[in-house]
Amino acid sequence: MVSIAGRRFLKPIKASLDAISHRYSSSSHSAYPFYGRTHLKNFYTREDILHYDENSDDEWDMLLAETKREEESRSKRRNKHRGSVPGHRIIRRGRVEGHERLYDDYFAPNCVYDAFFRRRFLMGRPLFLRIVNGVEQYDPYFVQTIDAIGNLGLSSLQKVTADFRILTYGTLADSVDEYVRIGESTAIESLRRFVQAVIAVFGDEYLRPPNNNDIARLLAIGEQRGFPGMLGSIDCMHWKWKNCPTAWQGMYAGHCHEPTIILEAVASQDLWIWHAFFGLPGSLNDINVLERFPVFATLTEGRAPPINYRINGHDYTMGYYLADGIYPNWSTFVKTIPCPQGLKRKHYAAAQESIRKDVERAFGVLQARFAIVRGPARFWDEETLAYIMKACIIMHNMIIEDEGATNDNDFDGSGENPIVQVSHVHTPEFVDFIQTHHQIRSNASHSQLQSDLIEHLWQRYGQ
């Protein structure tokens, strides 16, 4: 039976329930209205409370305890931040004001920092706007939109500027928030989309193998520098991977004793990077990377443009690259002499080592322009790092073309090889493929080419 105190305490509860029942008479909730439909299984219904006289004191205590716990839980949920994401804090950054300030500082007709644009963006304003327009047309993510309550979102200038600050200065994603007014997570997402858009829009033009006109120009430059048949210089660069997963660190750690990812590239005198092969672990050396480098695939398959030149009375049909001492003695590589003896050999070694630095200079300029590839990589997945490296190389080549370092050469695609069509002519036999493969790796041709270059350089410059 219920005690007298319990009956006195129950009367106001019954009165309140009657008033609430009248208010919620049209509601679909048949149970105690303070709780949602999901709580009906765990708590007493209104009828249970109204018929409390039939219940015991223990059940009444259980009801009060359950009610108290539920009220405390609901109070805690009310104190949390609300929004589309649980626990998400809403910061009124002033995106429109940030866009107006960015536009007045760098893009207005009479902008504040007109003389500092090239210094701070590391490229001219027309080239930057060309990249912005291309990315905006490719990915609708960079188009400024209006949200559900009528507020303007981030503009394409804000997103691309934040991406450039991260790439060129190597800063954290959170550091661009103060000026550009873009959050950390949004900056990271924008950077991922930006590098993929740059590769998709400009990759076919600025990250392609040399075409017929390019090869003719490279051969002419090599002839002027004393190396007929030279197509550039080749070498590797290591990019430290700070956030490499622990399970992979043994595979990616090499001579630096830290996880790195390798970039192997071919560069010419104007620092244009023609071939870029990125993604192999840092535990490999240059020879291991070379075995996977597809630079000689077209030559082996018989699809490379013909190259014919003559040195010291000998005819050659394959171009070559200047390389350091670790590369193998192939006919497509010209290396220095470790301990040259005699004036001819010393002159050749000095010339080869001087011109081979083109690829080293290209790596240095790439790292100077894009500090993100100079410092440790902070992303966790290798795919994003590959996109970042390729995008930086593409924009590096675009800057070279824009600044005129390529001497007004043809980069609009008019000198490309013809469009590949289905061929019905006789294809190279497997024997021809093997023969070309052995010619590339011929030690005898390598030694003969080196001897001819020694005599050629001495006759032209040494005497």
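Strand 1 gives four residues to the lining of the largest cavity, the largest share of that lining. The model is a predicted one. Its structure holds three cavities of 30 Å³ or more. The largest cavity has a volume of about 60 Å³. Two elements give two or more residues to its lining: helix 10 (212-224) and strand 1. Residues lining this cavity include Leu-218, Ile-221, Met-230, Leu-231, Gly-232 and Ser-233. Also among them are Arg-225, Ser-268, Gln-269, Ile-355 and Asp-358.

Strand 2 (residues 260-267) is mostly covered, and eight of its eight residues are buried. The cover extends to both faces. On one side, Thr-260, Ile-262, Glu-264 and Val-266 are buried. On the other, Ile-261, Leu-263, Ala-265 and Ala-267 are buried too.

Strand 2 is joined to strand 3 (residues 273-281) as well. Seven bridges link these strands, which run antiparallel. Here Ala-267 stands opposite Ile-273 in strand 3. Strand 2 and strand 3 form a hairpin with five residues between the strands. In this hairpin, Leu-271 takes a positive phi near 70°.

How values were computed
Residues are numbered from 1 along each chain as its sequence is written. This is a predicted model: local features need pLDDT of at least 70, side-chain atom pairs count only at pLDDT 80 or more; totals for chains, interfaces and linings use all residues. Side-chain values use heavy atoms; hydrogens and water are left out. Buried means under 20% relative accessible area, exposed over 50%, partly exposed in between (1.4 Å probe, protein chains only). Two strands pair if DSSP finds at least two bridges between them. On a 1 Å grid over the protein atoms alone, a cavity is a set of points where a 1.4 Å probe fits but cannot get out, and a pocket is an open set with protein on both sides within 12 Å along at least five of seven lines; lining residues have an atom within 4 Å of a point. Grid points are joined across faces, edges and corners, and a volume is the space filled by probe spheres set on the points.
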